[in-house]
Structure formats: structure tokens, C-alpha cells
Amino acid sequence: MDMKYITPAAFFAVVYWIYAFVRPEWCNFHEQYQMFLFGWDYLAGHLSIASGMADYLAEFVVQFFFFPALGAALWAAMLTGLGLLVWRASLALSGNVDSSGLHLALALVPSVLVGFYCGDYNMMLAFPMCLVMALLMFLLYQRLASRRRVYFQIFLIPLFYWLSGYGVFVYAALCAMADARRFWRGWLPGLALLSAYAAFSVLCVVMAGYTVMRQYPFIDLFCGVNFYRDRMVVPFMQHLSAFSVVLMPALIALLGRGGKAVQVVCGALVVSAIPVLMPFSHDKFSYSLMKIDYLVRNQRWKDVISFCQVYLPDDSMAYNGLNLALAKTGQLPDRMFEFPQMGQEGLVGDFQRNAVSCVITGEAFYHLGLINQVLRVFFDSQASIVNCNRSARFTHRIAESYLVTGRYDMAAKHIRMLEKTLFYSAWAREAAGYLYHPDKVASSSRWSQIARHRVQDNMLYTVTDMSDMFLRLHHQSPDNQLALQYAMACDLLNGNLPHFMRAFPLTQPGKNQVSQYSNVPKSYQEAVMYAMVTQSGGNVDLPPFVSQEVRNSFRDFDNMMTMRQQPDKRLFSTYWRYIVSYR
Amino acid sequence: MKNIKNLILSALPLALLMSCGGPKPGNVAERNMLPPVFPDIDSITIPADIAPINFNVDGATYVYATARGSVSGQIECDGEWADFDIDQWRQLTRDNAGGCISVDVTALDSAGQWSKYQPIHIFVSDDPMPEFGVTYRRIRPGYETFSDIGIYQRDLHSFEELPIITYRSIQTDCMNCHVANRCDANCFQIHVRGNHFGTIFQKDGRRELMNTKHDSTIANCMYAYWHPTGKYVAYSLNLVHQSFWENPTKNIEVYDLASDALVLDVENHELILSPLLKTKDFESYPVFSADGNYIYFCTSKPYVEQNLLDSMRYDLCGVAFDPVAGRIGDHVDTIIAASKMGKSITHPRPSYDGKYLLYSIADYSVFPIHHREAELAIMDLQTGEQRILDEVNSPSAESFHNWNTTSRWIVFSSRRYNNNNNLLYFAHWDGNGHAGKPFMLPQRNPRDYYHKMMHSYNVPDFTLQKVDLDIRAVASEINDNKLIQVGLKK
């Protein structure tokens, strides 16, 4: 291999390593907020919008992010490919075939900027895709040798605007530079050509805005529809990255080969730039939430708990994920107060009007059997996706909810959509076999438990009596231990100890006397002791299941409280510490 | 946008179709039954000049359809579904107004068997529908959040749908209540909510954006109805809340925590309040009578926490209105005490000829859209006689509705298609207390369209002309919060 290609190869490897192993949640996040559908209809929908082709191709790529290892490879290839295209563009501009590692390293600068920008998880891949398209289009245009190719721009610029949107400005600038260098040498003709191309590109945008794209604001028409998830927002990084794609080929075209040392240093800087800049581009709090969501989605419960032991963002979404993981592994009663906790909201988050916050709550509802709430959360989360994309992940849960509750027409509508996806189609085809067959659903390995656990009669979902609601689920299906764990946890988190004490015997099925209780989880022991001691004022016959260790801890805790001391680290993970601070 | 998409969509299949002919019927079996078509179009009554009533035949891979007028004319089509030529169809309906169109269907099933069915009959009324089309809001039928939302208009003489204002144009949470004055597209209002909000009024090309929330009112003006003079709009102000059922047949309960009614003087930007419409009870859905001298509205006892939601039942009431002085009357009449019958009345809509009042009736609630038992009912305003409109109702929810300008056609939304998506249906009203069998909003390929459709149609109304709204100017005004603050009428 030519040594100059070491830098792009290393760049690819570093980007792959980051997104496959360090930040796989980035891939997951992008994948779950879109649903790429194979079919003429979907393509036509995109082609009917200016910049729709860039969006379509980006969505095509992002669907592979379903597997982060594959997604990381594609993303690394896209960024590296962008750099190589910039390098090719510089060769086309300079007409020089002699290039060095320095040129390739500098050609990767736009990729570094895009790599930095993509830390903003609202950046859509349509943006880098439009840059790739612009460079490819420019290189194709370069194949036309005649001076008369300039006239082709009358067709090429509007066409390319329609396909790539914002990319047309990059394309027009590169073409202006190339045409000026080849056919109209000198500053003035060059500037005139650049102005003419720019003005014609702007004219195309304005014409689209006053004809077929009347519903779209000009900021979208100029800067790309779906290039950023939030509507009518265009970060400075988009312009800077695009500008670098125009600037770098011109700059490289002017540079010499550079010495060996310069080549090595530049290569190393470019390769190390993305990991070094990551803390500044990838906000730790948000990415931690994404990570927990990613792990919950894949039901990697132990990994959720391990992750939260290291860093637990102070957000109900994180707590929802942690508590669900603890409950799914049967550890909620024992270990929930090893973590700070944040009240009932940390168990089941309140609804928030965005596409992110309630997703884990929806997963909790799914495992609990509150199917209508699953439908509500995933429907509303989908409806909250600000660029109005559909989500294959959410659609999958919505389809399941309709299927389990026997609303087959609606289930079929969603399943039909998923059948047109790449990675959900196998599931959809299988699910289609269950439509209009309630018996089959009830006996399926996938849905029998949820179908059994779901509420059979009329019940109004309420956040004020959530504990009762969970108990009702447990009463209806005594094997729904998750609901029982949630009911007890709910009482503990709300400090509703009388209700907790009434429900407590349910955790000891088949045992009629307190003396028979065994294997009582730690937090339950602590809560029972706290309830009895605070009720009686201190002198109380504690039940035998309260261990000596718990009794000693409580004594120590009580002493520290009496002396107005902060509880030591050992007592941090007790129910008492939680309830004292909660109150 | 949709046009471009349709163009792109039709380009390839058309090219393919033109390059090859369809299979020819042979060995045809006569079936003594109606063809299994979607949508159900047998015995419907349609107006002349409406878009083709296309249909799909269940299980058919190829269809031949011949539409024959009882007076004159015959047209044919063939393909994967029955897709009549728009101009030919419209001519056929015009030629047969007051008569009937018989549609012969011959279909090829997947086993290669041709079947000829009994003809479908479509009645063509001689009552014209002079409107350009209908307006409605399209929204995914959900819960609390809406991003993919827009107000659209649909040409009833073709399949063209045009956006009036969509989520793409403005940054807002919600938009609703495109309400025109007696279907007049030159006099309408639209309300948008969210960070950027306001009520847009457009009359004869002049546009104003108002903030209709006043210190002395509980909320922004919401459910609207124009006075025939175009000087006033009656509104209810609703503090809307939702609860969620954990029940397979019912998801959502929408109810008010408080609601009042009032009249807005649009020209003077003044609210006209009355203690009769601002009580501790809930007042909602006020509408003017056809002559503009009376306001119908719905009222219920207030919601009290811990009360059961199914105790919320609305009666139909009325109060006089003096349009000259701009004054609301001094006493309320109870017109239908629905709560005493264990029912709840909402969405009153008087016909523009002043003879009838169409309304929704459900077991309880102010929001019948989520109630499967919700039905349309009608009251003869001259005799006071009321009845459920069995000829248009279905086992699913029928909810919002409106009259056309001649009071001979109604448009209403219904969930009969799948109990989830509200779709539009039209019915003929004969002026003597009877409605014809309703038909679904025609589409070029109905099954494909409605099977893929993820939206619901809300708040449908007829529109005489195409609605012309300068969306860029409106977006700019809304985003700049350039609002006229309403005051109180002294």
C-alpha cells in the first residue's frame, strides 16, 4: 500500500473504533428515529422534496445502524470517503497527479469537522451525504472537457439543487473554481463565474420556495430539509464544514508535498482529532442517557446496572432504565437504594413532549403489561419526532400493542409498513401470521406473557395511585412479579409506608405468619424496621426476618441523625438515607 | 408537493401500463351477488360532478368496470382496480343527475377465474353540491403530541389535495379550527397554539392575527363558529385535559376542566361576555342559528375530581343574540335535556336554511370522537322532533360534521373504517328529514390510499372556493408574534 494512504486508513479505524465500541449508542439513536422503507412510494415521497435525495440516501445508510458495528463501519467509510473525495477534488482543481500524505491528511480536515459536528446528535446524515454528493457531482462534471460545459449548469444546478439541496452551493463553488482555472483565468472572470453560479443557485432556491415548496420556510430550502433534526435551526458547524469542503481542495491544490515530518505530524493530528475533541463534541449527560436507552432496548440489564454504577445521570429517564434493569433481574427490592433514587418519577417517568424522555418508560410499561400505555408512549414519542420521521423501533412496539390487544386492523397497518424495512421485516412477516388469531397470540412464546399480564377490564391510568395500579396487575396475574416489585418500590419511593406494610405480605406468598417470612429483601427489611420504629417510638419487637446487620445499621444511622451528622458511606445505600432526604 | 409525488409515482406505472394491455375476460362465471368492493358504494347517493367513485375489488388481480347512466352515457375502465377517467365520470354524473348509475363489474381472481357480479347502483342526486371541496385537519390519531399536522383542502371534483398550512410552515405545537363563514373561503379563521400562537382571521384578502386570551377569560378562544354577517365569531374557551384508559376498546378520554363561551366582535377586536355563558357549569361548542339571532351551545355540570368521567353529560341549550347591538340575551333555554336521558350532546350544527340541527350524541363526554357509541342525530327546528340518523351511523364513532351551503349535503368524520382513523364521509340530505347512504371521500386508489393512511381527518367543512392563504406572510407574522390583543366590549 502506498504510504500516503496510512492516514485515511488510520482515520477509518479510529472512527470505526469510536462508534462501534465507545459510542454505539450514537448509531442506535440515529437508527431509532427513522424508518427507511423499500418501495417506489417512499422514494417518490423523498424525490418530491428539494434535497430529498440526500435525505433518502442518508436514511438508506442509517438503517444499517441497527447493528452498531455495521453502522460504525459505514459511518467511518463515509467520513473517510468524504476526505478522499476532497483529495480527488483537489487533484482535479490543480491538475496535479503528484500528491503526498500531507495532501491526504489535509483533505481529511472536512471529515474531522463533520466528525466533530456529528457529536450533536441532531445532525442528520443527510448533511454529510449532500457533501459527498456535491463532490461526486463535481468530479463527474470535471469529466466534461469542453469549455461549453458551463452551459450545462443551466440544467445541472437546478437538478442538483433538487437532489441535494444545500450541497448545490458546494458544487457551484467547486465548479466555479475549476471552470475559472481552466477557461477563464484571472481573478475577475473567476469572481464573475462564482457570482453567476451562486446567484443562479439562489435563484433556484427562491423559485422552488415560491412554487412547489411553498410550505417550507426558506431556511429549510437554503440549508436542507432534514439536515438538522430541529426544524428551522442551522448550526454554525454545518456552514463551517461545508466551507471547508470548498476551501480544502483549493488550499491543497496550492500546497507542495511537504516534508516527511510535516506529513507524519499532520497525519497524526488529523487521526487523533476526533477522539481528542470528543469530550467537547459529545455531551456526556445526553450520551449517557442514549447509552442506557440503547442497553435497555437490547435488554442488556446487567450492563445497564454496571453502567449506572459508574455514572448515573440525574434524569428520570436514566432512573427508569436502571430500575427496570434492577427489576428485570429481580434485584430492585435489594439494591434500589444503592443508587440515589429520585422518587416515583424515577420508576415511571411523567410524560414529556419529546421523542426521547419517555421511551424507557414505554419499555417498562411493556414489560409490566400496561399495553395501552405502551401504545400511548410510543405513539406520542413517534409523534414528537420533530422532523416528523417515523421510527421503526416505535412502530414495532405500536404494532405489538395493537396485536396483543386484538386491534388487528391497526396492527396490520403498522406491520405492513415494517414489512418494507430491512431489519424489521422478518419480525413483521412473523407477526402478520398472528393477525386475527387471538388464540395464537395467547399461546405464542413472544406475546403470551404480555397478553396474560395486560389489564383485562376497564382501568384508568393514573399517576396518583400508581402503586394500586401495579398491585392490580399483580392481583390479576400473580406471576407478574415485576408489577409487584414496582408496586412495592412505588410505595417506598413515595414514603407511603402504611400502604407498603399492607401490601408487604404479598411478597411472601403462601406464608400466613410473619415468623415464616424468609429471604426478605434488604430494602423491605429496612422499610419495615423504619415503619415500626417510627410508629412505636423506638421500643418495638422487630420481626425475625429483620437481620442483625440491618438492625445495627439502623442504630448507627439513628445515632448519626441524632448527632446531626452526615451518614457515612456505609449507610448511604439504605432506605433510611433516601427517606430522610426525600422528606 | 403531493402533486410532484403523484407525478413521480404515476410516471413509471403509467409507462409500464401503456406498454402492455390487460388480460381479456374469458370463461366468465356469473355471480348472483354484489362484487366485494372497497369502499362500500352500493346504493350510495352522490352529487353530480363529483370525482370518480373508484373502488377496489377484494381478491381481484384485474377488474373491468362499466358505468352506465339511467338517462344516458356509459364509460369503462380496467386495471388492478376500477379507476374511471375524471372528466368522463363527471360528465356521466351530470348527464344522469336525478337518476342512477349502474356499475357492472367483471373481475379476475388470483386463481385465474373471471367473475361477473350483480351491478352496483349509485344514485346521483339532482341536488347540486356547488362547493369546490372540503377543508380539514390531518393529524395522526394519537394522544398528546402532534408534529405531523396540517390543514388541507381537497378538491371534490378531482383527487387533488392542497395544503393550507402545515407543520412545515410554522413552528407550533398544534393548529386547528379552520372555520369558514358558511363555507366561504374569503372569510375564515385558523387557530395555532404553542410557543408561537394566535388566531388568524382572513376576510376578503385582509388578514389579522389576534391574541384572543384576555385577563378575564380562562383560555384562548377555541371552538369557533361565524355569525352569518361575518362580524362575530362565537367561541368556547376550554381547558382540555386527557386521561388514558387501560382498556382494549378505549384509549383516551378527553374532557374539560373548565369551559366558557363568548362572542368575539372581529371588527372591533372585542370579546362579548355574558354571565349566562360564563358560569360554574361548562359551556361549549356555541354556534349561531342560521338567521344569526340565536346561539346554540352545550352545557354540563362541572367536572369535580374524584367524580367519574362518565358523569359528564352535556345538554343542548340556547340563548338569544342581538347582532345589531352585539348583545347576548338574558336567559338560557334548555332545548334538549340530554343528561336526563343519560346522553351527552355535542357539536350542534344548524343547517344554513334554518330548518334542521345536526349534532353528535354519546353516552357521556364532550369529545365523542373516542366514543364508539357516538352517533349523529338531527332535530327538526320547526317541530322540535329529534331522531338518531340511523341511515348514516355505524357501530363506530361518528363525530364532527358540517352542512354544505345548500343544506342538502353533510360531511362528517367517522371511525367506521378501522375504529382508529377518522375518515370523511358525505351524505345527501333530502330536505324532508332523511339522509342518503353515505359515501367515503373518493380517492384514486381507495384501498391503497386508506390502507397506507396513518392520519385522521378532523373538523371537516365544505368550502365554496379554494382557500388562499399567504403562508409565508402568515408564518412570518406568527413567528414574530405580531398579535392584536383583544379587549372587552363595554
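In which loop of chain A is Q299(A) found? Q299(A) is in the loop between α15 (284–297) and α16 (301–310) of chain A. I start there as Q299(A) has a positive phi, about 55 degrees, although it is not a glycine. Is that residue buried or partly exposed? Q299(A) counts as partly exposed, because it has 13 C-beta neighbours inside 10 Å, and the cut-off for buried is 20 or more. Please keep in mind throughout that this is a predicted model.

R182(B) is not a glycine either, and has a positive phi of about 50 degrees. The loop that holds R182(B) runs between β13 (174–181) and β14 (184–193) of chain B. With 17 C-beta neighbours inside 10 Å, R182(B) is also counted as partly exposed.

The peptide bond from F38(B) to P39(B) is cis, and its omega is near -5 degrees. P39(B) sits in the loop between β2 (37–38) and β3 of chain B. Please remember β3(B), as I come back to that strand.

Now chain A as a whole. The chain divides into domain 1 (3–282), domain 2 (286–453) and domain 3 (466–582). Between domain 2 and domain 3 of chain A, the centres are 29 Å apart, taken over C-alpha atoms. Their contact takes 19 residues from domain 2 of chain A and 22 residues from domain 3 of chain A. On the domain 2 side, the elements giving two or more residues are α17 (316–328), α18 (332–335), α19 (359–368) and α25 (448–453) of chain A. Which of these gives the most? That is α18(A), with 3 residues. By class, the domain 2 side that touches domain 3 of chain A has 8 nonpolar, 8 polar and 3 charged residues.

Helix α1 (residues 6–22) of chain A has 17 residues. From first C-alpha to last, α1(A) reaches 23 Å, close to the 24 Å expected at 1.5 Å a residue. Which residues of α1(A) are buried? They are T7(A), P8(A), F11(A), F12(A), V14(A), V15(A), Y16(A), I18(A) and Y19(A). As background, an α-helix has 3.6 residues a turn, so residues three or four places apart point the same way. With that in mind, look at F11(A), V14(A), V15(A) and I18(A), which are among the buried residues of the helix. The cover over the buried residues of α1(A) includes α2 (24–32), α5 (68–94), α6 (101–107), α7 (109–117) and α14 (260–281) of chain A.

Next, how the two chains meet. How many residues of chain A are in contact with chain B? There are 38, and they meet 32 residues of chain B. On the chain A side, α3 (40–47), α20 (371–383), α22 (408–418) and β1 (460–461) each give two or more residues. The largest share is that of α20(A), with 7 residues. The chain A side divides into 21 nonpolar, 9 polar and 8 charged residues.

On to chain B. Chain B is divided into domain 1 (33–125) and domain 2 (133–479). The centres of these two domains of chain B are separated by 33 Å, over C-alpha atoms. The contact between them draws on 22 residues from domain 1 of chain B and 17 residues from domain 2 of chain B. On the domain 1 side, β3 (45–47), α2 (86–95) and β9 (120–125) of chain B give two or more residues each. The domain 1 side has 14 nonpolar, 5 polar and 3 charged residues.

Last, a sheet in chain B. Four strands form an open sheet, in the order β25-β26-β27-β28, with antiparallel pairing. Which strands are at the edges? They are β25 (344–350) and β28 (386–388) of chain B, each of which pairs on one side only. Neighbouring strands of the sheet are turned against each other by 25 degrees on average, direction ignored. Strand β27 (residues 375–380) of chain B pairs with β28(B) over 3 bridges, and M379(B) stands opposite Q386(B) in β28(B).

Notes: Residues are numbered from 1 along each chain as its sequence is written. Chains are lettered from A and ligands numbered from 1 in the order in which they are written. This is a predicted model: local features need pLDDT of at least 70, side-chain atom pairs count only at pLDDT 80 or more; totals for chains, interfaces and linings use all residues. Domain bounds come from an automatic or database domain assignment. Two residues are in contact if their C-beta atoms, placed from the backbone, lie within 7 Å. Ala, Val, Leu, Ile, Met, Phe, Trp, Tyr, Cys and Pro count as nonpolar, Asp, Glu, Lys and Arg as charged, and the others, Gly among them, as polar. Two strands pair if DSSP finds at least two bridges between them. Axes are lines fitted to C-alpha atoms, for helices over the stretch in contact, and angles run from 0 to 180 degrees between N-to-C directions. The expected span of a helix is 1.5 Å times one less than its number of residues. A residue is buried if 20 or more other C-beta atoms lie within 10 Å of its own, exposed if 12 or fewer, and partly exposed in between; C-beta atoms are placed from the backbone.
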